[in-house]
Amino acid sequence: MRTLSYTGLALLALALLAVPFVPQLVYSVFVMKTLCFVLFACAFNLLLGHTGILSFGHAAFFGTGAYVTGQLVKAYGVPTDLGILAGGLVAAALGALIGALAIRRSGIYLAMITLALSQLVYFFFLQAPFTGAEDGLQRIPRGTFLGVIDLRSDTALYYVVLGIVAAGLWLVWRTVNSPFGNVLRAIREHEPRAISLGYPVARYKVLVFTISAGLAGIAGSLKAIVFQLAALYDVHWHTSGDVILMTLLGGMNTVFGPAVGAALVSALNHYMDPFGAWVTVITGLVFMTCVLTFRQGVVGELGQWLRSRRASPSAPRARPRSPAQQQ
């Protein structure tokens with residue numbers, strides 16, 4: 001099973017590296033947008049899937065990263081790489097603040113607190129003079145990366161986005177597969193027991209909120225650079241709903257299941273766009289089908305099927321003993 005996983009990852013990496021060379025098959029800007037949402041969904045799943053915290057306001061961090069990076073790069077001439085880093089850091093700081101307030105409650109009350117605070121962030125960007133309100137922050141220059149790579153080229157930008165997203169996904173994987181990740185799962189499974197074992201649960205929750213928000217902010221920053229636009233939709237509650245949908249579709253109890261969900265939702269929105277408003281209905285039908293058919297998400301069900309195939313090989317049956325052997 002591990003060999004199969006490595007083979008699949010190698011094939012996926014080769015396919016992603018080859019995207020700029022096959023524009024007749026896939027549009028590189030669409031893949032970059034999908035990669036941004038892949039990082040966003042996997043960052044969100046650190047909360048939902050691995051800690052058991054449902055946030056209805058994760059778009060606040062995604063949009064904050066986009067606006068901060070766009071404003072710094074456009075108005076102050078900050079290098080693009082530093083602008084992306086600043087977007088992630090500001091989003092992480094916002095995540096620490098919102099997390100510290102939200103974890104005072106649990107369950108649906110926590111989710112409502114995150115939604116309310118996210119709406120405060122939304123109205124701030126709606127009213128702030130530098131954001132352009134409904135028009136958004138437009139004409140964000142792409143600039144250069146590390147002072148060498150010219151990001152005006154879609155090909156160069158694609159590989160920069162791919163590298164940053166890969167680093168972010170590695171951080172997610174490393175976080176989940178670490179002692180810190182084990183404590184997060186203990187909190188998800190039985191929080192009172194984790195407290196009784198002496199773990200500072202509140203501190204762990206704030207920290208995972210900060211990490212998740214920072215990665216979501218970097219995803220938003222990358223999207224702003226790709227499209228040269230930071231829009232109100234990036235911080236709208238619809239975006240928070242989209243990332244929840246992506247996570248549930250892919251499988252919230254897996255590390256990279258949300259990445260598959262993000263790819264599915266992005267592909268539906270892109271290729272079904274000619275159907276207009278019907279794309280929402282189609283996405284809803286696909287979501288209902290997956291929820292009813294794949295209770296653990298696409299990747300979760302696939303992993304369970306592979307494990308069951310491996311755990312139950314066709315074992316040879318025991319031969320019946322002869323009467324002489326029975327005596």
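**Exercise 1.** Find which residues of helix 10 meet which residues of helix 11.

*Solution.* Start with contacts, meaning heavy atoms within 4.5 Å. On the helix 10 side you get Leu245, Met246, Thr247, Leu249 and Gly250, and they meet Gly257, Pro258, Gly261, Ala262 and Val265 in helix 11. Now sort them: six are nonpolar, four polar and none charged, with Gly counted as polar. A housekeeping note: this is a predicted model, where local features need pLDDT of at least 70, side-chain atom pairs need 80 or more, and totals for chains, interfaces and linings use all residues. Numbering runs from 1 along each chain as its sequence is written, and side-chain values use heavy atoms, leaving out hydrogens and water.

**Exercise 2.** Work out whether the length of helix 11 agrees with its residue count.

*Solution.* Helix 11 covers residues 257–271, 15 residues.

**Exercise 3.** Classify leucine 264 as buried, partly exposed or exposed.

*Solution.* Leucine 264 sits in helix 11. The cut-offs are under 20% relative accessible area for buried, over 50% for exposed, and partly exposed in between (1.4 Å probe, protein chains only). Leucine 264 has 35%, so it counts as partly exposed. Buried residues of helix 11 include Ala259, Ser266 and Leu268.

Technical notes: Helices (H or I, at least four residues) and strands (E, at least two) are DSSP runs, numbered from the N terminus. The expected span of a helix is 1.5 Å times one less than its number of residues.
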